[in-house]
Amino acid sequence: MSEQESSQKKRLRLELGGLTCSSCALKIEKQLNKQPGVAKAVVNFGLENAFVNYDPNIVNTTDLIHAVEEIGYRANLSRIELQVDGINSEDDVNKIHSEVGALHGVESVYVNYKTGLAHVEYNSEEITPKDIIKSIKALSFEARETLSAQDKQQIERQKEIRDYRRRFILSLIFAIPVIALSWLHLNIFLKDIILSLFGGSHFIFRLVLFILTTPLQFYVGSNFYKGAYLSLKNKSANMDVLVVLGTTTAYAYSVYTLIISFILTISPTAPLLLGNTFFEAAAMITMFILLGKYLEAYTKGRSSEAIKKLMGLQPNTAIVLRGSVEVEVPITEVDVGDIILVKPGEQIPVDGVIVEGRSQIDESMISGESFPVVKTEGDSVIGGTLNKSGLLKFKAEKIGKDTVLSRIIKLVEDAQSEKAPIQRLADKVASIFVPVVITIAILTFIFWSTIGTWLFPQINFEWALLAFTSVVVIACPCAMGLAIPTAMLVGSGKGAETGILIKGGESLETVHKIRSIIFDKTGTLTKGAPEVTDVFSVNGSIKDVLQLAASVERGSEHPLAEAIIKRAKQEQLLLREPKEFEAISGFGVKAKINDSLILLGNERLMKKYSMNIDTVHEIVLKYQNDGKTVMILAQNGEAKGVIAVADPLKENSIEAIQGLKEMGIEVSLLTGDNQKTANAIARKVQIDRVFSEVLPEDKANEVKKLQMEGKIVAMVGDGINDAPALAQADVGIAMGSGTDIAIETGDIVLMRNDLRNVVAGINLSKKTVKKMKYNLMWAFLYNSLFIPVAAGAFVPLIIILTGVPMFIPPGLAALAMAMSSVSVVSNSLLLKRYEPRMKSQVEEERKLLQNVEIDPVCGMEVIPGVDIETEHDGKKYYFCNPSCKTEFEKRPDYYLSDKKELKKMEEIEIKEEKEKMPILKCTSCGSTSDVPQHCGKPMHVEKVDGKDMLVCWMGPNCGKQEIPEHHGAPMAYEE
């Protein structure tokens, strides 16, 4: 495909409705895929959505929505409802309609002049609500979101659950009397008693059953008729067809027997046989299937909780500093560059960099890392994480769909919408399932109404009819349709909660097959923050070598360059400005300083420029044998010195490698370092196979070589240079702490910088695939066993043994059918309880939670070794922020008193505070007012930037404001 053709392709997300089973999803998918201009359409029955890749020059969104509606289902784009303030005329409405309607990705706009509500339908793959709101504000109107696409989706889901619950309750009201009366009537001892309640009339008895069953059949079960009609109208068959076929057969025959009983009532000598009614069968089928549908809708909603939890992480508002004023604004109004204030206990609204403050950040909801991270000025923060202690000011850098949280949500949504390869088998069976079942049911009826009645006199027409009804009712296409998607939903959601993002069904299914894993070294096995360990000079001072090397590296952004520059700054060396700087990938760098050609790099760089390195050869070997990265410094053709840099291993690298080996997985190391350095690192982490001195462009080839050995290969990396290898591997595993391109290229993203999550990811894949196979096996086994049983496969044996024919009653068949779907979904939900992490990870978290202290001032949970601490009477105490520490040090005995004593002291203090409560007094008229409070206490006067201001007791960083004026002058602060 050419670049131009590729650029024409668009991606569309459709929200679907009216799906009752997997065959509905397949039908929609087939309908969309056959539309002109559609490259690929994937429909997810569990999530009830469709992703369509299409060419807008050939087909548009209206055509695609119409295509879905044409076959009887609902389809729409994402929708939001906005409250727009400032609309004063129809011209304003037209202006908004024209501006918003012209936005790329907006399908339709409706603005109500009287209410000020704007309803916008848009493609969530192309535009965000923030963009729509911005366009309205650009017209000088105020706009805010009232109902988001997610809110509407949740409302629709709850509406569906409530509807099924209401219908099921109604079915109970009508069905229980029908079932009770019918079953009691079948009892030989109670039959006459029941008939006596209806005057001994079979007709009156059956008429009552008819009156109770009819609203159940046609009102409570109306959705089944609608679904069956639309399905048959489009020349296909779904579960609704089976349900309607079963209930209508039982109901119609029962009505027929009702008419016969009426005729026999008015004409007892009429030559007619009075048959049995099956109103209870029709009632039970409807009741149990509605129960199944209700439970299925409820459990399906729970299976996608991961997305809801992720969406719930982002706050709705943010406190933005406009000059010195704190303004609370909707999250959609935050712009890049805004300075945002986050107080202790609040969530961080968007991604950014801290400009002021220090705090602990709980990132567990994003990375799965239970240990809070201490962050200070210059550190990055992620939207959706929790500020646990200090007051923070940070600069917004990524907003909307560009934030880490939004990208994670997008990754999880895409993953849950992709199909696993194993799904293809289920899809093939589901596509022909209903016609096959109907065929089996018809053959069952024909056999038992002809040959069966001839072979076994006990069998009659009614038994054949019951067998037919049971076959169509007991068949369950839903179980097959839900077997794979629900396991996928829960598995990928569980991964997201653990900090393991799995991008699709194919990746999830492939991971458990991995037999070989290649680890990149720098930033993956190691921390990626190398340090200078040794400096050697041939004939000058060590500082001269370090100064020259750091001066050359000023033009580089490589981690090794940063380490050298950092060491030079520690030595307080003055760096020079390099000229003609050139980074030679895989070799090193060269530049000119004071007209001298300087080279800094590996031995290959020296050979390339014919440098004699005999004077440093031995020292180079010594450093390399120690597993250090060695760089040779040459000036004007001569070796001047050597710099050794070491990148320390990550704490859990050895444990992760050992865990993979215990799984029987071959582990390899891939690095651009020389063989000796690479082997030294490999020995430390106990890796046997090493690929050293591999240029970035050759990494993918090394992966390919392993694949040619017939192995399923995974690549673990984090840098730009790893992207080709990540793409080449059967499974690319990217460290979330790495670059954006690595994250985009990888099939799995580890948000937590812990290599043990590679093991956890494989464990999760194995467990999820096992659930998929178990669900599919159960669905196939259920249908392959129960359909023949319902058809009467064991009836001949039962008649031979007991003399009485026994078929599965249609009502019991309906219950079995309903429970099969629920059991598949429930089995998938058990994945929520699975712990994929290594035992050491779980144990660390347990110890961490046990080793929690309480801030004696504010009562917040704090972690020793991470939080601020002080010592009093030989014991250490920990605090969530400096203000609490300061407050404690003022009067430690107060905060260490027992509860009774503390209560008394608090009461005394409250009384004293009331008596000594400060006031603000006008210097002109003497009028007084209360001092404003902040964080539960009156503010005090303090100089801020040379000016008297009211300041929070926790400091001006927490809260400050101007002193109120009265008669044109600031009021006086009096204790």
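A salt bridge here is a side-chain nitrogen of Lys or Arg within 4 Å of a carboxyl oxygen of Asp or Glu. By that criterion E666, R689, E709 and K711 are linked in a network of salt bridges.

## Model and confidence

This is a predicted model, in which local features need pLDDT of at least 70 and side-chain atom pairs count only at pLDDT 80 or more, while totals for chains, interfaces and linings use all residues. Residues are numbered from 1 along each chain as its sequence is written, and side-chain values use heavy atoms, with hydrogens and water left out.

The protein chain averages a pLDDT of 81 (the predictor's confidence in each residue, from 0 to 100). Of the residues, 88% score at least 70. Residues 1-7 have pLDDT below 50. Beyond near neighbours in sequence, this stretch has two contacts in the model (contact means heavy atoms within 4.5 Å). Where pLDDT is low, the predicted coordinates should not be read in detail.

## Overall make-up

The protein chain has 36 helices and 44 strands. These are DSSP runs, numbered from the N terminus: helices are H or I with at least four residues, strands are E with at least two. Of the 975 residues, 52% count as buried. Buried means under 20% relative accessible area, exposed over 50%, and partly exposed in between (1.4 Å probe, protein chains only).

The chain exposes about 44600 Å². Carbon and sulfur atoms supply 55% of that area. Accessible areas come from the Shrake-Rupley method with a 1.4 Å probe; for residues, only the protein chains shown count as cover. Among contacts with a separation of 6 or more, 66% are between residues 24 or more positions apart.

## Strands 5, 6 and 7

Strand 7 (residues 117-122) pairs with strand 5 and with strand 6. Two strands pair if DSSP finds at least two bridges between them. Strand 5 (residues 78-85) runs antiparallel to strand 7, and six bridges join them. Here Q83 stands opposite L117 of strand 7.

Strand 6 (residues 106-111) is also antiparallel to strand 7, over five bridges. V106 has Y122 of strand 7 as its bridge partner. The hairpin of strand 6 and strand 7 has five residues between the strands. In this hairpin, G116 takes a positive phi near 75°.

## Salt bridges

The structure holds 28 salt bridges. One of them joins R11 to E125, with the closest N and O atoms 3.0 Å apart. R11 lies in strand 1 (residues 10-17) and E125 in the loop between strand 7 and helix 5 (129-137), so the pair ties together parts 114 residues apart in sequence. R11 is partly exposed at 24% relative accessibility. E125 is partly exposed at 22%.

E356 and K393 form a salt bridge at 3.9 Å, N to O. E356 belongs to strand 12 (residues 351-356) and K393 to strand 17 (residues 392-398), so this pair ties together parts 37 residues apart in sequence. K393 is buried, at 16% relative accessible area, whereas E356 is partly exposed at 29%.

K628 and D534 meet in a salt bridge at 2.8 Å, N to O. K628 sits in the loop between helix 24 (617-625) and strand 24 (629-635), and D534 in strand 20 (residues 531-537), so the link spans parts 94 residues apart in sequence. Both K628 and D534 are buried.

## A nonpolar surface patch

L184, I188, F189, L190 and I193 make a nonpolar surface patch of about 530 Å². Patches are made of residues with over 30% relative accessible area and no salt bridge: like charges are joined within 9 Å, nonpolar side chains (Val, Leu, Ile, Met, Phe, Trp, Tyr) within 5 Å.

I188 lies in the loop between helix 6 (149-186) and helix 7 (191-196). Its relative accessibility is 68%, so I188 counts as exposed.

## Two further sites

D614 lies in the loop between helix 23 (603-608) and helix 24. D614 is exposed, with a relative accessible area of 62%. Its C-alpha atom is separated by 8.4 Å from that of A639, 25 residues apart along the chain.

T510 is found in helix 19 (residues 505-511). T510 is buried, with a relative accessible area of 16%. Not counting residues up to four places away in sequence, T510 touches I712, D730 and V731.
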